[in-house]
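Open your viewer and keep the selection tool handy. Each stop says what to select next and what is there.

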Protein chains: 2
Amino acid sequence: MTAFAARVHARVRELDTRVCLGIDPRPHGHPSTHPAAHDGDPAKTALAVVAYVRTVLDATHDRIACAKPQSAFFEALGVPGVIALAQVLADLRERGIPAILDAKRGDIGSTAEAYAAAYLADGVFAADALTVNAYLGLDTLEPFLDAAVAGERGVFVLVKTSNPGSGDLQDVATDDGRRVHERLADALAARAEQLPADADGYTALGAVAGATYPAELTALRARMPRSLLLVPGYGAQGGTGADAAGAFDAAGLGAVVNASRTLLYPTGGADVAAAARAAATAMRDDLNRALEARRS
Amino acid sequence: MTAFAARVHARVRELDTRVCLGIDPRPHGHPSTHPAAHDGDPAKTALAVVAYVRTVLDATHDRIACAKPQSAFFEALGVPGVIALAQVLADLRERGIPAILDAKRGDIGSTAEAYAAAYLADGVFAADALTVNAYLGLDTLEPFLDAAVAGERGVFVLVKTSNPGSGDLQDVATDDGRRVHERLADALAARAEQLPADADGYTALGAVAGATYPAELTALRARMPRSLLLVPGYGAQGGTGADAAGAFDAAGLGAVVNASRTLLYPTGGADVAAAARAAATAMRDDLNRALEARRS
């Protein structure tokens, strides 16, 4: 067993891809999972989602570095939905694809421990990494970091998110001149200094930084040298390969770029497998070209 | 149907209690739910949790204004745990006890819509209110507010949490002299101005503010006049009735004070029902005495 960042980087090196497949199952998004095809029964919809995701995984597995199931879309399907989430996580495990569960959890003390036990320890919802929200304070991250370090898993702390309103709190200027998200980044970087690093210099403490704010993303790469960056906002949200390029270190490591809609529900014909593979390949190449352009 | 804050206040007036029963099922906390009693089988533990919570609800239903199941402890039990959560929510509904689901969700755009659909619309996880995290930005609250207003439900935004490290981000001084949580509070108060208020002046937009920071709590009561406050930190975390008193308006309304461990796992003998009823009664009286002392 190797640490989470090293497992991701092994795939980056082997497959030359930095794509993270966002698994946001929108039952209305595709004919095979449309509730109308199943009389609106959430159990049938959840089963259809699992089958549909398997099709996309089998078509894209060697084009992606990791995958990011979005918990909200599973929770919205009720109990069958969370069973489907467990199944998707098992399917990822079986295929050796690192799973970042995007659940944005965060709570205090023993409650944070319960979330860490649910998602960063062995169990039906076990993921390789979890996204977490640090608004409650740095002490609330410790149970997640403890579980991640102990289990060779990862934590991605929300630092600068990809949405239009992300600046409302994250970009507020503080009394020492740094913005809120910069102060958080510096505090996380200091914490990462105390964590074991792998051969590439990365730790279990990662961060989320959106491709929709390329200047901030590039600055965060420098501020958080020991943190893998999870970069949302590529594709449907408007981020480009050039926007995302700043997330990578000089070796082309240190980040994965997520796309959900454009990969899971690709436009490109009735053959979902072929369209998803083409979309993932195009995104892989776009990111690699942008990295190449940055180098030269 | 009446709006969420009005439903809570109807119980506050009828029962003269401002207690929120925190439902944090810790299987190791009590003999009847201890995993050892069930060979560690999560399904049996989850069933035991449901039965145990029913015992406490039946013993305390007329001593509490509302209840707050903590999602993390259910999620930690896997699929049987989330089924147990659905059952506890149904048990609360059946007893007419408003349920605040403490899940601290938060995400962007259509993902926030999916969380709102899961917890603030009809379905197995339907609650009367949901705790949410606004670090991602004010735009990310809108799907929750839309669902809450449409369904006469409530949203509690984390503003100043009860944990020791809550100041790390929340108390950072910003360039205009206000601290981060104060800026958030002011922005939320402005948003609440645009929402429909009930006869007491309260809206669907509530806030979380801990009893462990009484000065901040009192200040937030004044800053957010249209927001019901959910006050954690009483009891095991060290907050007293006097600490919590500042959360209430002049009429003794506008807040509910949560305790979990001291009510759900009371010390006081083998008769759980009697001990829980005594603990809830004592907390009710403690809060009412503190309010009385403030008035005089």
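Select helix α12 of chain B, residues 272-295. Its 24 residues should span 34 Å at 1.5 Å a residue, and its end C-alpha atoms are 34 Å apart, so the two agree. The expected span is 1.5 Å times one less than the number of residues. Helices (H or I, at least four residues) and strands (E, at least two) are DSSP runs, numbered from the N terminus.

This is a predicted model: local features need pLDDT of at least 70, side-chain atom pairs count only at pLDDT 80 or more, and totals for chains, interfaces and linings use all residues. Residues are numbered from 1 along each chain as its sequence is written, while chains are lettered from A and ligands numbered from 1 in the order in which they are written.

Stay on α12(B). Which of its residues are buried? Pick B:Ala276, B:Arg277, B:Ala279, B:Ala280, B:Met283, B:Arg284, B:Leu287 and B:Ala290. Buried means 20 or more other C-beta atoms within 10 Å of the residue's own, with C-beta atoms placed from the backbone. Now show their cover: it includes β1 (19-23), α2 (42-60) and β8 (255-259) of chain B.

Next, select the contact between the chains. It takes 48 residues from chain B and 49 residues from chain A. Two residues are in contact if their C-beta atoms, placed from the backbone, lie within 7 Å. On the chain B side, α5(B) gives the most, with six residues.

Finish on chain A. It has twelve helices and eight strands. Of its 296 residues, 60% count as buried.

Definitions and conventions: Buried ≥ 20, exposed ≤ 12 C-beta atoms within 10 Å, placed from the backbone.
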